[in-house]
Amino acid sequence: MRIGIGIDTGGTYTDAVVYDYESGRVLCANKALTTKDELSRGIISALDGLDAELCREAELVALSTTLATNACVENKGGRAKLLFIGMDKETMARVGKGYGFGGGEGVFLCPGSGSFDGKTLPNVDWDALMRDTEVWIKDAEGLGIVELYSMNNGGVAEKEAKERFTARRDIPTVCGSELFSGLDSVQRAAGTYLNARLVPVISDFLKAIKRALEERSISAPVMVVRSDGSLMSEFFARKRPVETVLSGPAASVLGGMRLSGGRDCLIVDMGGTTTDVSIVRSGEALTASGGVSVGEWRTFVKGVFIDTFGLGGDTAVRPGKRGLTLETRRVEPISLFSMRFPFVKDELRTLLSETKYNTRPVYEYYYLVKDPSENADYNEAELRLCDALRKRPLMLREAAQAAGVDYYHLEAFSRLENEGVIMIAGLTPTDFMHITGDFSSYDAETARLAAAFLMNSLGYDWTSGEEMRKFAEKVFDLVRRRLYYNLVRILLEDKYPELRKYGIDKQLGMIIERSWDEFLEGREGAWFTPRFVCSGVLVGIGAPTHIFLPEIAEALGTECVIPPNAHVANAVGAVVSNISAKVTVEVRPDNTGGGVDGYFVSAADRQTKFEERQDAINAAVEIAETLAREEALRRGVVGKVSVTTKIEEKRGTAMFSSIDLGISVTATASGGTFS
């Protein structure tokens, strides 16, 4: 046997499998809770459920994680800075939001752009730049550097800036041209900024993995799943954590395909924080054209097509202006939280007896995940809250009182939550699954106490067990409704790509909502009713999908498949991955003089010019293949590297004439993880 270990660390659970490459079988599998305060504990718990002897025989440990995905969706991560050379304030304000940049926090715009064609290089006043950024860079945990036209000038200004800033401060620093080759500078900036934000997230994850493996005497090399489903070395992952933004979702696609054998399907992976959906046609997973998007962020990261939205077993259930509300934010299930802090149950009983109702979720708890970093510029209220939480978790009103703020204005704590310093425990679909008996791992009585307060606040009879089960079904219907809406949205955007560009408008969104309502009412036989039908099978991955997906499959006129080992599909996907590297080199005609005056060959680290078109194409092929082979070796390929090359001509039309827009040369190098 040739043994591999697959480990997937999600926002809620850590899964592990032992896989036999020769037979293609899962030999053993286990799930354990992800312990965010100390990730290694959850990983060790997952490993402890596997055969220890088989683990020691492993030749490879392959990892996937949704930690980066969740950080993007929830707008969390380390304190990052982005230096954007050549971008002006007005343009950034106008277009930046469409790529994920909000108010421009952490972004420094430096004047001095060169020319688009790369002939005129950026003119940066380096002394002024270093002086003006001295205070700005002080609290940074990671730095990204992007220059407006770096893809056409070899990134000279980026390299100079990196050299100067790394000499000043020892923090992870990366240039956009080292990560991406796309021409859209703001999209390059978004991915580069995310890379800097994710450095501490992935660094903590890899440290925890190494600690857990050492404790269990597992010495196999460690690889990490990238967003395109291929593997990269541990060293590479530390340098380029943005490559993991869809690591967990990509692994779920591979695992779902391997376990179900599905050739035409939608793979629906519902985790604790998010639901990830991918499309498989004729046995091939769709890829994201133009780079992956996660949450509000648009990047050039290459990856399988994944649509990620905020919905999971740990999504917050709260009172809202219009009644019961399912949010997009993750909280820890209160039924799990009370197992770690037994006093919670008594305090909920007291709350239920002393407070009739409240429009705020006063049954929720705040707790400290990690101490604020020394260089973080937190205000007095934030620091007072952290001091109080060092002693014990606090209910919402107590937390507000300790911080000295009104509990109706708890957005004052959002930065601490976004940066992973504090977390909230509250009601979730997982808690209601314990009330209905679908799950039984945590404390169901605590879930009932918190649900009773919420029901009372919304005017429901909480004293009846039957009424509480009906209330739980209302929560489940909110989950099904959001899941159905998003699956239909994804299918519509796939069939009509213009919808993806402009988004689903309110009218179409209303029709999707009404189609679900009419399905529930059993009105398919009505004289006219809207209905959406999909021939692809729905493949459910993740623990809660068996509760929600069958009814949605029925509404879409298709089947639902929950394959064996579906609960650990991500870990299976990680261990069956391989290594590949893709590099694209552009060939563009030089039209600056009116006619064609030669051809530019532009790669991430260089630009050269040739007089003849075929000479330029030949050079592009050689450069692309060399860079792809080098990249594959850096990512950890062992043994033979195979390279395939694709040449794509791009043409446009103007004034009824065909125009040469250039050529894309893409080389893909791949190889194995075993010698």
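The model is predicted: local features need pLDDT of at least 70, side-chain atom pairs count only at pLDDT 80 or more, and totals for chains, interfaces and linings use all residues. Residues are numbered from 1 along each chain as its sequence is written, and side-chain values use heavy atoms, with hydrogens and water left out.

**Exercise 1.** Determine in which sense strands E2 and E3 pair.

Solution. Strands (E, at least two residues) and helices (H or I, at least four) are DSSP runs, numbered from the N terminus. Two strands pair if DSSP finds at least two bridges between them. Strand E2 covers residues 13-20 and strand E3 residues 25-33; their pairing is antiparallel, over eight bridges. In one of these bridges, Thr14 has Ala32 of E3 as its partner. Four residues separate E2 from E3 in this hairpin, and Gly24 in the turn has a positive phi of about 70°.

**Exercise 2.** Decide whether Glu631 is buried or exposed.

Solution. Buried means under 20% relative accessible area, exposed over 50%, and partly exposed in between (1.4 Å probe, protein chains only). Glu631 belongs to helix H24, residues 613-635. Because its relative accessible area is 7%, Glu631 is buried. Contact means heavy atoms within 4.5 Å; leaving aside neighbours within four places in sequence, Glu631 contacts Phe236, Arg240 and Ala581.

**Exercise 3.** State which helix gives the largest share of the lining of the second largest pocket.

Solution. A pocket is an open set of points on a 1 Å grid over the protein atoms alone, where a 1.4 Å probe fits, with protein on both sides within 12 Å along at least five of seven lines; lining residues have an atom within 4 Å of a point. The second largest pocket is lined by 41 residues, and among those nearest its centre are Phe236, Arg240 and Glu631. H24 gives the largest share, five residues.
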